Amino acid sequence: MSLASKLARYKRGIISFWRLYKKNRFGMVGLVMLLAFIFLAAAADLIAMALGYRFDELVISVTSVGTITPSALLCAMAYGARVSLIIGITASACSVLLGTLIGMVSGYIGGRVDEGLMRITDFIMMLPRLPLLIVLAAVLRGGGAALGLSNIILVIAILGWAGTARVVRSQVLSLKERPFVEAAKAIGASDRYILFKHILPNIMPLVMTYMVLGVPGAILSEASLTFLGLGIDISRSISWGSILYWAANPFYGAGAMIYITKPWVVIPPGLCITLLTLATILMGYAMDEILNPRLRRR
Amino acid sequence: MALRDYVARRLVTAFVTFLLVVIANFFIFKMMPGDPMLWYMQAIRQQHQQMPPEELEKLKAQIAELFGFNRPLHEQFFIYLTSLFTFDFKISITMELGKPVIDIIAERLPLTILLLTPAYAIAIWVGMRLGAEAAWRRGKKFDVAAVAISLFFYSMPIYWLGVMLQIIVAPTGWPIAGTLDWSYWQGLGATSGEKTFLQQFVDILAYDPLGAIVDLISHILLPVITLVVYMYGGYFLVMRNTMLDILTQDYVTTARAIGHDDGTVLHHHAKRNAMLPMITIIVLAFAGIFSGAVLTETIFSWQGMGRLIFDAINARDYPVIEACFFIMALLVVVANLIADIVYGFLDPRIRY
């Protein structure tokens with residue numbers, strides 16, 4: 001197949017997907033919300049410049065929450081959108097990639113490999129997520145400095161692949177019994193060729209859906225970790241979680257809850273986390289409804 | 001496959017998973033930065049500043065002997081295994097120096113159970129009730145509103161919800177953190193600060209039963225509401241999906257054709273069958289509530305296991321963290337096993 005015809009096929013696929021997606025009201029609301037956040041994230045530097053803040057000044061006003069001003073908060077929120085989007089999308093993509101690979105290998109090879117990989121999957125799915133995240137973050141943190149962006153993505157991806165692996169495995173189990181796989185084997189195709197050229201394209205819609213559905217979990221995980229003071233390094237990136245951490249620091253104890261007197265500092269970050277998560281969940285469900293044949297309304 | 005084989009298979013799987021947890025538990029904490037011995041010495045120096053050096057050395061040797069720090073890795077692993085399976089978790093090394101870990105957990109676990117049981121029960125009840133109702137009225141206003149609201153709460157970070165509740169309630173003087181109003185009770189002479197939580201609570205209960213319960217409820221209300229709002233969305237969505245599936249089944253149509261009214265069809269035919277998949281979801285979510293407990297207990301200064309994990313990790317109290325993980329894993333694995341077996345009994349189709 002030539003490149004041009006391949007591209008044309010993809011284009012046709014995307015157009016027909018979009019035609020169905022447009023009709024999904026929840027999905028469209030999610031998309032509009034997501035676009036608004038992407039716009040805010042992209043404009044972070046511009047907003048900071050227009051209001052006259054440097055990044056390090058923002059860090060100081062976030063960490064000394066008693067003196068933060070509304071305009072500084074707005075700039076910090078824009079930078080926070082950037083961090084949440086980057087972490088949400090990258091961590092979800094990494095964990096789904098890992099899950100797809102593991103699921104494909106597990107389902108296709110079967111036998112002992114499958115048994116072993118599925119025990120590990122069970123193990124990760126069964127255990128409480130947040131305590132594990134906290135411990136892994138503490139392992140990666142080393143001498144006590146906070147985590148960088150890539151480390152936090154790593155932590156989330158390591159614990160996030162199990163669900164995808166399960167679903168991909170069950171799909172591969174049924175796909176590998178189909179006649180087209182047998183036909184490919186009969187003409188001498190290698191296992192790798194069959195996996196990547198015949199099986200992978202068939203599970204692609206599922207993988208894409210899981211990539212979107214994984215974003216909210218990743219965003220919430222980062223925000224929770226950072227809120228507990230075990231997440232991202234504030235001197236390098238301001239996240240919504242860190243604004244909440246500095247405003248409602250659990251270390252202050254019950255006696256000194258600064259946020260009670262300054263609700264306007266804690267409302268925007270929490271609301272933004274909620275809305276961004278909601279946007280991606282809505283989009284994921286909409287995609288699931290279109291791409292998952294079991295749910296499609298006929 | 002016979003039911004007995006099914007149960008045996010499940011038992012083996014659960015045991016393997018549990019072993020994986022135990023092994024991972026050991027090596028993850030070995031990988032954590034910093035030598036536990038150093039943290040321990042630092043804690044001793046802070047708390048006993050006048051201790052003579054020779055006694056310090058003696059203590060150090062005792063601790064090293066207790067945990068096997070001076071032995072090769074495989075012997076350390078063996079010591080670790082025996083201590084876990086005999087529920088002897090050694091002593092806390094930084095938080096409450098020298099106090100047996102099992103005592104600390106015995107104090108904290110009841111508080112977590114006290115908080116999680118009502119929250120879990122209410123969330124499941126509300127979620128299933130609303131889910132069934134929404135599925136019944138698919139596409140109507142009630143359904144759309146219930147889905148939208150549930151998704152909104154489902155997306156909300158639980159600690160932010162807690163913070164918002166505190167902000168709303170704070171001006172009224174309602175207690176926004178803690179377990180009981182200790183200073184009030186101690187001021188009355190009902191109990192003293194040296195006792196453990198449970199002993200103090202029993203004292204207070206004997207002193208003024210009604211007042212104690214009112215005090216406890218006023219403190220537990222906000223964290224329970226937070227947990228319910230955070231958890232119910234998941235149950236709602238699953239219940240709704242399951243019911244949508246079931247309502248298209250032939251036996252529902254048959255029940256209608258016979259002439260049963262809507263209530264009978266919903267409650268006696270559809271809902272009962274929807275319970276089956278819910279059992280799995282409810283148990284699988286059991287692990288998830290520990291995550292919720294860490295955040296909720298931290299925000300509301302509720303001195304349970306969740307807060308203990310958070311504090312222990314910050315204080316690098318390895319024996320405490322290991323014990324917490326062990327107990328959590330044990331609870332989760334046992335719960336999963338029970339769910340699998342119950343499922344096997346309830347649904348004769350599940351035999352593989």
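A salt bridge here is a side-chain nitrogen of Lys or Arg within 4 Å of a carboxyl oxygen of Asp or Glu. By that rule, the structure holds twelve salt bridges over all chains. This is a predicted model, in which local features need pLDDT of at least 70 and side-chain atom pairs count only at pLDDT 80 or more, while totals for chains, interfaces and linings use all residues; side-chain values use heavy atoms, with hydrogens and water left out. Residues are numbered from 1 along each chain as its sequence is written, with chains lettered from A and ligands numbered from 1 in the order in which they are written.

**Chain A overall**

Chain A has 13 helices and zero strands. Helices (H or I, at least four residues) and strands (E, at least two) are DSSP runs, numbered from the N terminus. The C-alpha atoms of chain A fill a box of roughly 70 × 45 × 35 Å along the principal axes. Chain A has 298 residues, and 49% of them count as buried. Buried means under 20% relative accessible area, exposed means over 50%, and partly exposed lies in between (1.4 Å probe, protein chains only). The areas come from the Shrake-Rupley method with a 1.4 Å probe, and for residues only the protein chains shown count as cover.

**Salt bridges**

Side chains of opposite charge can pair when their charged atoms come close.

| Residue | Partner | Closest N and O atoms |
|---|---|---|
| Arg166(A) | Asp122(A) | 2.3 Å |
| Asp233(A) | Arg236(A) | 3.0 Å |
| Arg240(B) | Asp143(B) | 2.8 Å |

Take the pair Arg166(A) and Asp122(A), joined by a salt bridge. Arg166(A) lies in helix α9 (residues 162–175) of chain A and Asp122(A) in helix α6 (residues 111–126) of chain A, so the pair ties together parts that are 44 residues apart in sequence. Arg166(A) is partly exposed, at 31% relative accessibility. Asp122(A) is buried, at 14%.

Asp233(A) is buried at 17% relative accessibility, whereas Arg236(A) is exposed at 53%.

In chain B, Arg240(B) pairs with Asp143(B). This pair links distant parts of the chain: Arg240(B) sits in helix α10 (residues 209–247) of chain B and Asp143(B) in helix α6 (residues 141–155) of chain B, 97 residues apart. Arg240(B) is buried, with a relative accessible area of 15%. Asp143(B) is buried as well, at 3%.

**A positive patch on chain A**

Lys6(A), Arg9(A), Arg12(A) and Lys197(A) form a positive surface patch. Patches are made of residues with over 30% relative accessible area and no salt bridge; like charges are joined within 9 Å, and nonpolar side chains (Val, Leu, Ile, Met, Phe, Trp, Tyr) within 5 Å. Lys and Arg count as positive and Asp and Glu as negative, with His and the chain ends not counted. The place of a charge is NZ of Lys, CZ of Arg, CG of Asp or CD of Glu. Helix α1 (residues 3–22) of chain A gives the most to this patch, with three residues. Arg9(A) is found in that helix. The relative accessible area of Arg9(A) is 45%, so the residue counts as partly exposed.

**Cysteines**

A search of the whole structure finds zero disulfides over all chains. A disulfide is a pair of cysteine sulfur atoms within 2.5 Å. Cys272(A) is in no disulfide; its nearest cysteine sulfur, that of Cys75(A), is 14 Å away. Cys272(A) is buried, at 14% relative accessible area. Cys94(A) is partly exposed, at 34%.

**The end of chain B**

Ser301(B) lies in the loop between α12 (262–299) and α13 (305–315) of chain B. Phi of Ser301(B) is near 45 degrees, a positive value in a residue other than glycine. Ser301(B) is buried, at 13% relative accessibility. Ser301(B) and Ile113(B) are 188 residues apart in sequence and 15 Å apart in space, C-alpha to C-alpha.

Helix α13(B) comes next. Eight of its eleven residues are buried, so α13(B) is largely enclosed by the rest of the structure. Among the buried residues are Met305(B), Leu308(B), Ile309(B), Phe310(B) and Ile313(B). Just after α13(B), Arg316(B) takes a positive phi of about 55 degrees.
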